Amino acid sequence: ATRTTHPRVIRGFQEIISLVAGEPFTIENPYIWKTKAGVIEVITKAGCHDMIAASTTCTHTWEMTNHHTHCGTCSQCIDRRFAMIAAKADQYDPVEAYKADIFTQSRSKDEDKIMTAAYLERANQVREQDDITQFIARFSEVSRVFRYLNGNSGKVAQKVYDLYKRHAKEVCDAMTQWLAATSPPSANAPCRETAYSGRSMNRDR
């Protein structure tokens, strides 16, 4: 899960293991500057796409069954679905493994109804940021991770900013691809992300 690979958690693990071992111990995450879509691309390019269906991303593990290994509505499941589309690997990720399909099924819980819309809205907000200073001012909580990353603070901030921008573009492009594949073209169509949010909310009423 994302929390276990957060730089702060990895730094904590390093410190604890170093104390126990009595010597410096380093934990490296080779994918720290990759988005989920980027990691999926590494998997597919290595010819290991068959492993995708057997992997688990869901945070609601207590809901897991042999038939549904993912709830489909938590933030991890949502990010996985969009990443698969962005990496052009959704054919290797069976929809049947998700208890709920965020693209086609209604959701009964209020938090589930707004989760995907909030996810898309954040991607749109990040995509609109054209300056790193503006980005950090708007999303100040991001700066908390800087001290747990190695390197010059300015360069670290730039790499974090680039990672967020890349992820936002992947999310928005994935949404555009999905809507293009499922919706008839229209010259007067609204923003695709907005169109999805509206369609989703209408379906859940």
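How many nonpolar, polar and charged residues does the lining of the second largest pocket have by class? The structure examined here is a predicted model, in which local features need pLDDT of at least 70 and side-chain atom pairs count only at pLDDT 80 or more, while totals for chains, interfaces and linings use all residues. Residues are numbered from 1 along each chain as its sequence is written, and side-chain values use heavy atoms, with hydrogens and water left out.

The lining in question has eight nonpolar, five polar and four charged residues, where Ala, Val, Leu, Ile, Met, Phe, Trp, Tyr, Cys and Pro count as nonpolar, Asp, Glu, Lys and Arg as charged, and the others, Gly among them, as polar. A pocket is an open set of points on a 1 Å grid over the protein atoms alone where a 1.4 Å probe fits, with protein on both sides within 12 Å along at least five of seven lines, and its lining residues have an atom within 4 Å of a point. The 17 lining residues of the second largest pocket include Ile 27, Ile 32, Tyr 148, Leu 149 and Asn 150, which lie nearest its centre.

The largest pocket holds about 2,100 Å³ of space, a volume being the space filled by probe spheres set on the points, which are joined across faces, edges and corners. Its lining comprises 47 residues, of which Thr 2, Arg 3, Thr 5, Gln 76 and Asp 79 lie nearest the centre, and by class this lining has 25 nonpolar, twelve polar and ten charged residues.

A search of the whole structure for disulfides (pairs of cysteine sulfur atoms within 2.5 Å) finds zero. Cys 74 is in none, and the nearest cysteine sulfur, that of Cys 77, is 3.6 Å away.
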